[in-house]
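Good morning, everyone, and thank you for making time. I would like to walk slowly through one structure this morning, so please have the picture open while I talk.

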Amino acid sequence: MTSVLGVKPGSFRLVSRRERGGWLFPPVAKGRVAALRVLLYLFVPVDVLLTTGWVRQHGDVPTELYAPLAIGRLLTLPTPTPLLVDGVLVALLACALVAATGRLPRLAGTAVAVLYLEWMVIAFSYGKVDHDRFAFLVALAVLPTVGRARLGDSTADGRAGWAVRNIQLAVVATYVLAAVAKYRFGGGLEWLDSTTLLRAVVRRGTALADPLAEWPPLLHAAQYGVVALELASPLLLVRGRVGRAALWAAAAFHAVTFATITIIFLPHVLCLAAFLPLERAAATLRSGARHLAPRQLLVGADVAR
Amino acid sequence: MSDLGRRLRVAATATVAVLLLAGTLVGSDVWFPVGPFRMFATAARTTGRVTAAELTGVTADGRTLAVRPGEVGLRRAELEGRLPQLRAEPALLGELVGTYERLWVEAPRLVELRIDVRTRAVVDRRLQASEDVRTVARWTR
């Protein structure tokens, strides 16, 4: 039976927030989770062997200099020794490579999350803690919860949505709470008018940054810019042009920071990828490869002839 | 996704959010990974000093060489964070020499390792040209 409007009775009904998934469970293509897995799990070897290769040397540092983090004390984690550090390193590399292939997503992914956290405990138990890891650790914790996911899979899934949303929230929280930390540790609003960036340039400045030390007003204004950017970071969560602009602004901020004081926050920067429609990129690559294949065959045939 | 799965996920997000907020408001670096994001969060004065610590080694034939903190298994900020302890116990510098020799077997043997602190003044936001270098801890074989 149809109504006079040609619509079946009952086909319109209110869809509850829960059925739509809710803000914390947006329908996100599983392919995005698969792409994030490849990107983040393959970054693990790059991180532990290259960009933070110094962590490995902590096994050789005198144990008197070991100052365990709260989590290390709480879980009674052992004091790093060369054997422990190398053991964690090998296990982490093996699990990350398995997880990057998409096999055993829950088991290998969980192992990576746990081992990488231990790696971070080894890294930051010697008096200096980095603040670029939170989003990456959240990503490693949530990626295994999605289960199987194939590259290019456009099937929308609430579990994938929850994982991606949490990575996004962790990225935004890092920026916003960095501004809160400046308020807390920088004497309230005093930070804005301090010489913190000048100090950073003197201590770590590149050839590009050194001239800035001679021009105080620019660094002073940049401090206002940094806080504005941090506080505006929730715009990353807005869909469309506004979100894209916020993403470009964040990328530009990290590029300039690296060019001037060689700090890149690399694990955090990679997590910005959670805002990109990576599932489409994988599908485009795949269709590109399909289009390429016959031509390659033709070239092969030409060569054979 | 089951109802339980959904509830567990919401609880996980909420728990981490509460811990992170607490870490930011009242925690310190030892709260990692939920400690405050305090990179560059302290306010340097408009008139004050900028200091940087560095390691200097002396070889048996009297040559001095700059030893990067990474060459003894530490980062510069870790070295600076441990400065009071290293000043109080210079013997720890000897242990760092041990680390240096284990990591760099072909490097010349060090008979001395010291920590120099380089200081530059900032006056009314302007960096001053003069520089002061002072040794704050020394270990000799």
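Predicted model: local features only at pLDDT ≥ 70, side-chain atom pairs only at ≥ 80, totals over all residues.

In chain A, which has 305 residues, the buried ones make up 47%.

Let me stay with chain B and describe how it is built. What radius of gyration does chain B have, and what would a compact globule of 141 residues have? The globule would come out near 14 Å, whereas chain B has 22 Å. The C-alpha trace of chain B, taken along its principal axes, spans about 75 × 45 × 25 Å. The domain assignment divides chain B into domain 1, residues 3-41, and domain 2, residues 48-140, and the C-alpha centres of these two domains of chain B lie 36 Å apart.

As for the surface of chain B, its accessible area comes to about 7500 Å², and 55% of that belongs to carbon and sulfur atoms. Chain B carries 22 positive and 16 negative side chains, with the centres of the two sets 6 Å apart.

Chain A is made up of 13 helices and two strands. Chain A exposes about 15300 Å², with carbon and sulfur atoms supplying 68% of it. If we take the contacts in chain A between residues at least 6 apart in sequence, 78% of them join residues at least 24 apart, and for chain B the corresponding figure is 56%.

Most residues other than glycine have a negative phi, and most peptide bonds are trans. In chain B, however, the peptide bond from Phe32(B) to Pro33(B) is cis, with omega near 10°, and Pro33(B) sits in the loop between α1 (3-26) and β1 (48-59).

Two residues other than glycine have a positive phi that I would like to show you, and the value is near 50° for Phe265(A) and also near 50° for Asp124(B). Phe265(A) belongs to the loop between α11 (241-261) and α12 (266-271) of chain A, while Asp124(B) belongs to the loop between β3 (110-123) and β4 (126-140) of chain B. Which of the two words, buried or exposed, applies to Asp124(B)? Asp124(B) counts as exposed because its relative accessibility is 57%, whereas Phe265(A), with a relative accessible area of 14%, is buried.

I will finish with Leu93(B), a residue of helix α4 (residues 91-103) in chain B. Leu93(B) counts as buried because its relative accessibility is 0%. Leaving aside residues up to four places away in sequence, the residues that Leu93(B) touches include Leu55(B), Leu86(B), Leu113(B), Ile115(B) and Trp139(B). Between Leu93(B) and Val50(B), by contrast, there are 24 Å in space from C-alpha to C-alpha, and the two are 43 residues apart in sequence.

Conventions. Residues numbered from 1 in each chain as written. Chains lettered and ligands numbered in written order. Heavy atoms only, no water. Rg over C-alpha atoms; globule rule 2.2 N^0.38 Å. Contact = heavy atoms within 4.5 Å. Areas by Shrake-Rupley, 256 points an atom, 1.4 Å probe, with all protein chains shown as cover. Lys, Arg positive; Asp, Glu negative; His and termini not counted. Charge placed at Lys NZ, Arg CZ, Asp CG, Glu CD. Domains from an automatic or database assignment. Helix = DSSP H or I, 4+ residues; strand = E, 2+ residues; numbered from the N terminus. Buried < 20%, exposed > 50% of the residue type's maximum accessible area, 1.4 Å probe, protein only.
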